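Subject: Structure handover

Hello,

Here is the structure I promised to pass on. Please open it alongside this note; my findings follow below.

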Amino acid sequence: MKITEIQIKNFGKLHNINIRPLPGINVIYGENETGKSTLQQFISGMLFGLEKQRGLSGRNDNYQQYEPWNSSSSYAGGLKFTVENKPFYLERNFYHKEKSARLVNEADLEELSVEQGDLDMLLGGMSRETYENTFCIRQASVETKQEFADTLQNYFVNASLGKEGGIDLSGARKRLKDGQERANQAYQEKLAERKEAEEKLLMAERLLKKDVEQLKKQKKDGYRALLQKEENSLIFFEHDSNQMAEYLRDIRQEREQRKYRIRSVLSVFLAFAGLLAGIWNGIEHIFRNPAAGWIALEACLAILILYGIREAFFWHRKFRQLKMLRMQQEEESKEIKQYDSIEREQLKQKRQQEKQTRKRTVEELLQIQVLEKLAELVNLQEELEECRVPSEEEQEYQRQVEAYQLAGRTLERLSQEVYQDTREQMEQEMSRILSELTNGKYKKIGLDAQLNLVATEGKRRLYPWQLSQGTMEQMYLALRMGAGGFFTREESMPILLDEVFAAFDEKRLQGTLQWLGRQEQQIFLFTCQKREIEILENQGIPFGKIMLSR
C-alpha cells in the first residue's frame with residue numbers, strides 16, 4: 001500500500017490540508033504543537049476508524065482528543081492510496097452522530113463496502129492492534145504492548161499450518177481461561193457449600209456427643225442424689241417422734257416421785273416425833289400430875305401422830321400410783337417403740353422398693369434418651385460421611401476445571417511445537433535488521449518462552465532493560481519491522497514513525513536512516529529536529545519533505 005494523497009477536512013488542529021507524499025521516505029517536520037502526532041493519528045484513523053469511548057475509558061479517548069476545535073460536525077477527511085497499483089479513495093466522517101465510511105475503486109469507480117470487510121481485505125487483514133505494534137510507532141512508545149505476544153503466537157500457528165488467520169490462539173487461550181475460571185468458581189462455590197454443611201454437621205456431632213456424656217453423668221449422679229435423699233428422709237423420720245416430750249414427762253414424774261417420797265418420809269417422821277413426845281408427856285406429867293394443860297397437849301400430840309400417819313399413807317400411795325403409772329408408760333413406750341420399729345422397717349422397705357422403682361424408671365428414661373442420642377449420632381455420622389464425598393455436580397465442575405487445565409497445557413505444548421519453524425524465521429529476520437541497525441554489534445535477537453525480546457552477545461542473553469535506551473529502542477524497532485514484514489508479505493503497509501529516534505546518537509541514526517532508505521515501503525518520519533533531514537541529504541537518500549507550521 002502506498003498513500004498518494006492525504007485530505008484533512010477537520011481533524012484536531014489541522015483544517016483543510018492536502019498532502020501528497022512520495023512512495024519512499026517522507027519527513028514531516030515541524031516544531032512542537034504543529035500537528036505532527038495529529039497527522040499520524042489521522043492516517044491511522046482513516047485506515048482503521050476512530051470510535052468514541054464512553055465512561056471512564058473516555059479520559060484517554062482519541063476521538064475526543066482529536067475532535068476539531070472549531071466544528072465537530074465536520075470531523076472528516078479522505079485518503080487516496082494504491083494497492084497492487086490499483087487506486088482507491090477512502091472517505092470517512094468521524095463525527096459519532098453522522099459516522100460514515102466510503103470506499104471507491106478509482107480505476108473503475110466501483111464503490112466498495114467498508115462494513116462488509118472490503119477495506120480489511122485491502123489492508124491484508126491487519127488489525128489496528130497489530131499495526132500499532134509493528135509499523136505505527138507513536139511518540140515515546142517504541143516498546144510493544146502486552147497483547148502483541150498473543151498476536152505473534154496467533155501468526156506463528158496460522159503461518160505454520162498454512163492458514164490465514166483461521167486460528168485464534170490467544171482467543172482460544174482466553175476462552176479456555178474464562179471457561180476454567182467459570183468452572184473453578186462454580187466448583188469453589190459447591191466446595192464451600194459442602195464445607196459449610198460439613199462444619200454444621202461436625203458442630204452437631206460435637207453437641208450430640210456432649211449430650212450423651214451429660215446423660216450418662218446425670219444417670220450416675222441421679223442415683224447418688226436419690227440415695228442421699230432417701231437416707232435424709234429416713235434420718236428425719238427417726239428423729240421425728242415424741243421422745244423429747246417423754247423425756248420431759250419422765251423428769252417431771254421423777255421430781256414428783258421424789259417429792260412424794262420426801263413428804264411421806266416427813267409425815268412418818270412427824271408421826272414418830274409426835275409419838276415420842278406423847279410417850280414422854282404421859283410418863284412425865286400425866287401419870288404424875290394429870291393437869292388439864294398436859295392432857296390437852298397429849299391430845300394435840302395424838303392428833304399430830306394421826307395426821308402424820310395419814311399423810312405418810314397418802315403420800316406413799318401417791319408415790320406407788322406414780323410408780324405404777326411410770327411402769328405402765330414404760331411398757332406402752334416399749335410397745336410403741338416396737339410398733340414404730342416395725343412400721344419404720346416396713347416404711348423403709350416400701351421406700352426402698354419405691355426407690356428401686358424410681359431408679360429403674362429413671363434408668364430406663366435416661367437409657368432411652370441415650371439410645372435416641374446415639375441413634376441420632378450414628379445417622380449424623382453417616383450424613384457426615386456422605387457430606388465429605390463430593391456431589392456429582394461438584395465432581396463434574398472439578399472434572400471441567402481439570403479438563404480446561406489439561407486443554408490449556410496441551411494447547412501451549414502443541415502451539416510451541418507447531419510455530420517453532422515460523423518463529424525461527426521471524427527471529428532470523430529480526431536479527432538481520434538489528435545487525436544492520438547496530439552495524440553488526442548485535443547479530444542475534446529472539447524471543448524467550450514468554451515471547452519477551454532478548455538479544456544475544458556472545459554467550460550472554462540480554463533483555464532490553466539491561467541495555468542503553470538507544471540500543472533498547474533499536475531492538476524494539478527490529479522486532480516491529482521484522483514482525484510487520486511477516487504480517488504484510490503480500491501487501492506492505494505504510495510505516496509511521498513519530499519522534500522514534502530521539503534517544504539515537506548520530507551514528508545510530510545514520511545507520512537506521514540508511515536501512516529505512518533501502519526499504520520498499522512508504523515511510524512517514526515525524527520529527528521536530530532537522531538532523532534527520534541533514535543526514536538524509538548528506539547520505540543522498542531520496543525523501544519527501546512536508547513542513548508543518550503553527
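Start with strand 13, which is covered on both faces. I523, L525 and T527 are buried on one side, and F524 and F526 are buried on the other. In general, side chains in a regular strand alternate between the two faces of the sheet. Strand 13 spans residues 523-527, and five of its five residues are buried. Buried here means under 20% relative accessible area, exposed means over 50%, and partly exposed lies in between (1.4 Å probe, protein chains only). Helices (H or I, at least four residues) and strands (E, at least two) are DSSP runs, numbered from the N terminus.

Before going further, a word on the source. This is a predicted model: local features need pLDDT of at least 70, side-chain atom pairs count only at pLDDT 80 or more, and totals for chains, interfaces and linings use all residues. Residues are numbered from 1 along each chain as its sequence is written, and side-chain values use heavy atoms, with hydrogens and water left out.

Neighbours of strand 13

Which strands pair with strand 13 in the parallel sense? One is strand 3 (residues 25-29), joined to strand 13 over five bridges. There, Y29 sits opposite T527. Another is strand 12 (residues 495-498), which runs parallel to strand 13 and is joined to it by four bridges. In that pairing, D498 faces F526. Pairing requires that DSSP finds at least two bridges between two strands.

Helix 12 (residues 506-517) belongs with strands 12 and 13: together they form a right-handed β-α-β unit. Right-handed means that, with the strands pointing away from the viewer, the path from the first strand over the helix to the second runs clockwise.

Salt bridges

How many salt bridges does a search of the whole structure find? It finds 26. Each is a side-chain nitrogen of Lys or Arg within 4 Å of a carboxyl oxygen of Asp or Glu. Side chains of opposite charge can pair when their charged atoms come close.

Three examples follow.

- R102 and E91 form a salt bridge, with their closest N and O atoms 3.8 Å apart. The pair links distant parts of the chain: R102 is in strand 6 (residues 100-105) and E91 in strand 5 (residues 86-93), eleven residues apart. R102 is partly exposed at 36% relative accessible area, and E91 is partly exposed at 34%.
- E393 and K190 meet at 3.2 Å, N to O, in another salt bridge. This pair also links distant parts of the chain, with E393 in helix 9 (residues 392-418) and K190 in helix 6 (residues 169-239), 203 residues apart. E393 is partly exposed, at 39%. K190 is partly exposed too, at 24%.
- D505 and R508 form a salt bridge at 3.5 Å, N to O. D505 has a relative accessible area of 37%, and R508 has 21%.

The whole chain

The chain has 13 helices and 14 strands. Of its 550 residues, 39% are buried. Among contacts (heavy atoms within 4.5 Å) with a separation of 6 or more, 70% are between residues 24 or more positions apart. The accessible surface comes to about 33,000 Å², computed by the Shrake-Rupley method with a 1.4 Å probe; for residues, only the protein chains shown count as cover. Carbon and sulfur atoms account for 51% of that surface.

Best wishes
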